[in-house]
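Trainee: Could we go through this model together, starting with how burial is judged?

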Amino acid sequence: MAGGFVYNAVDQTEVATAEIYGKALADIIMKDPKVVAITADLAKSTKLGDVLKICPERVINVGIAEQDMFGVGAGMAKAGMIPFISGFSAFTSMRACDQLHTDICYQNVNAKIIATHAGTSFGQAGSTHHAIVDLAITRAMPNLTVIVPADGFETANAVNAAYDNFGPYYIRINRGFDRVLYDNMDYGFEVGKAVEVHEGTDITVIACGSCVFQAREAAKFLENTDGLKVRVLNMHTIKPIDKEAIIKAVLDTRRIITVEDHSVIGGLGSAVSEVVVESGKACAFKMLGHQDKFAPIGLHEDIMSEVGIDANGIINAVREVMKKDFEEDDNWDDEF
Amino acid sequence: MPLSKQEWLALEKKAHELRKLCLQTTQWAGSGHIGGGMSVMDLLTVLYHKYLNIKVDDPKWEDRDRFILSKGHAAIAYAPVLCDKGFNDPEMLKTFNLSGSKMGMHLDSNKVVGVDASTGSLGHGVSIAAGTALAARLMKKDYLTYVVTGDGELGEGSNWEGFMTINHYQLSNCIVFIDRNHCMIDGPTEEVMKLEPLADKMTAFGFNTVTIDGNNIKELCDAIDAAIERAKEPCAPTCILMDTKKGAGIKTIEGNYLWHYGALDDALFEQFNKELDEDYAARVARAEKEGK
């Protein structure tokens, strides 16, 4: 673990997720002179305040120029530094897509991208500032590890993991406050390993980011009202995805729903479906997310409700998928 | 120290050898970006044989000078320079562009030894160079970064973002070259997309801009000497605007945009070699006359 710096429940409830990132980065920067923060006029918005206080010379602001931000970051990484490049998800993935692809991933440099204002968390800003295609873009880039933390504790874990491991990372976090999923940082975070946050054997909901909390709420509700045992997996790492946990979910529950604040094309749902299809094991499958439509304008929670990726939307989807029938026997061999 | 006649002649000889190797590589590959390769060859020669502080036996030496070929398609010139210098086996040139080769049309820094950045997508090198130069400042290192862009490449807006950063941070330790060979794939630059007044643009972006004949080794060395002198302290960075000829050294194709990328048959190969010899003779005569 990089830090030894521990974030407590007060941090989580009183500090926005991106601010946890800022604190985690400040902690790392204090210990390692090779670490540098790069931003494109978003030092304040991406919560680099703590770093600016302790080490202003290691915050490089390139102005409103995301392409330059990635090029500069790649150059600094090539020269032996470890840049943490932060900007809004919409612009880190789309405006600077070629630079992310070519300068960062193709060259396989040790740069870390912190993509804030993810999904529709900057909902009122409209579709110019929503990031609902960034996972589809970044997931397809070789060498890039893609993580979508579910809350501030997980953000701190992801930032530390990115620092500890060589190679490019894309960490996608929300604007503002996230509902708190974990009690502390110590729940066994490991890159590429899903975390079960609710046990179940009837159906599995695989979620990432802010949808994980919603899925767990839905699972608790369904257990009380419908008597359903809903497994909820926090699939924080989109790439490399935890194939083992997905296949186990297929075999154990034979029903899967994915939930993400992202287009259903190319994101978590697509990644999970690729694993399921390649396994040759059939299961009922439903993807919740943005259904190939630009999202409306509004508060994040209102958009999540309208799109059907909040607890209510997940409850409805679980009930729908539970109505689907399967063969009674557990013999998979006759299904090939 | 001014370039001596002896050193000038030695650099002309090396540039000639490298032009011939570039031509030979083009023939082995069947085709290549020979026009833009020849226009930048004099710069590559003086950097790799006079200025760059690098170690062939330690290509990743952290204090080495960096060179970034933003116009990555000039790999047909760059690969021969790196092989001739000893970074890679010259036999690799026979595989240039061929299936399974480590040397594609644009060089991969993870496959070809001595390459500081994987380029090819235009408009990337300037920002990467700004990054290596900024890192030198932050880590208190004395190495210099040299970056060369094409002129048509300047249509990519990202270059101008990078220029702003180099100026803003007064990265005089990053020396920018523009290979102004006046040609793009579809025609002369001024017909496809106007660049002039280019020197004024660079000056307006904060650069100490020097315009030279980029196919004149003496002028190149004088300009680089002055830029290195300025690099000792943070100040306005230097842009060396190199007025060059596409296909420089091969009379038949000089200045002809149609030779951005071309293929050679045996007859052309022989003819171009002869023209390179004639050009070299003229260059030697000039160095003998003007050198001191």
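Mentor: Buried means under 20% relative accessible area. Keep in mind that the model is predicted.

Trainee: Which residues of helix 13 of chain A are buried?

Mentor: Helix 13 of chain A covers residues 311-322. With under 20% relative accessible area as the cut-off, the buried residues are A:Ala311, A:Gly313, A:Ile314, A:Ile315, A:Ala317, A:Val318 and A:Val321.

Trainee: How far apart are the end C-alpha atoms of helix 13 of chain A?

Mentor: The helix has 12 residues, and at 1.5 Å a residue it should span 16 Å. The distance in the model agrees with this, so the end C-alpha atoms are 16 Å apart.

Trainee: In the largest nonpolar core, which residues touch the most other members?

Mentor: This core has 72 residues. Helix 4 (residues 125-138) of chain B gives the most to it, with eight residues. Leaving aside neighbours within four places in sequence, A:Met76 has contacts that include A:Ile38, A:Ile60, B:Leu134 and B:Leu138. The residues touching the most other members are A:Met76 and A:Ile104.

Trainee: What is the radius of gyration of chain B?

Mentor: Chain B holds nine helices and nine strands. For its 292 residues the globule rule gives 19 Å, and the value for the chain is close to that, so chain B is as compact as a globular protein of that length. Its radius of gyration is 18 Å.

Definitions and conventions:
Residues numbered from 1 in each chain as written. Chains lettered and ligands numbered in written order. Predicted model: local features only at pLDDT ≥ 70, side-chain atom pairs only at ≥ 80, totals over all residues. Heavy atoms only, no water. Core = buried A, V, L, I, M, F, W, Y, C linked by side-chain atoms within 4.5 Å. Buried < 20%, exposed > 50% of the residue type's maximum accessible area, 1.4 Å probe, protein only. Helix = DSSP H or I, 4+ residues; strand = E, 2+ residues; numbered from the N terminus. Contact = heavy atoms within 4.5 Å. Expected span 1.5 Å × (residues − 1). Rg over C-alpha atoms; globule rule 2.2 N^0.38 Å.
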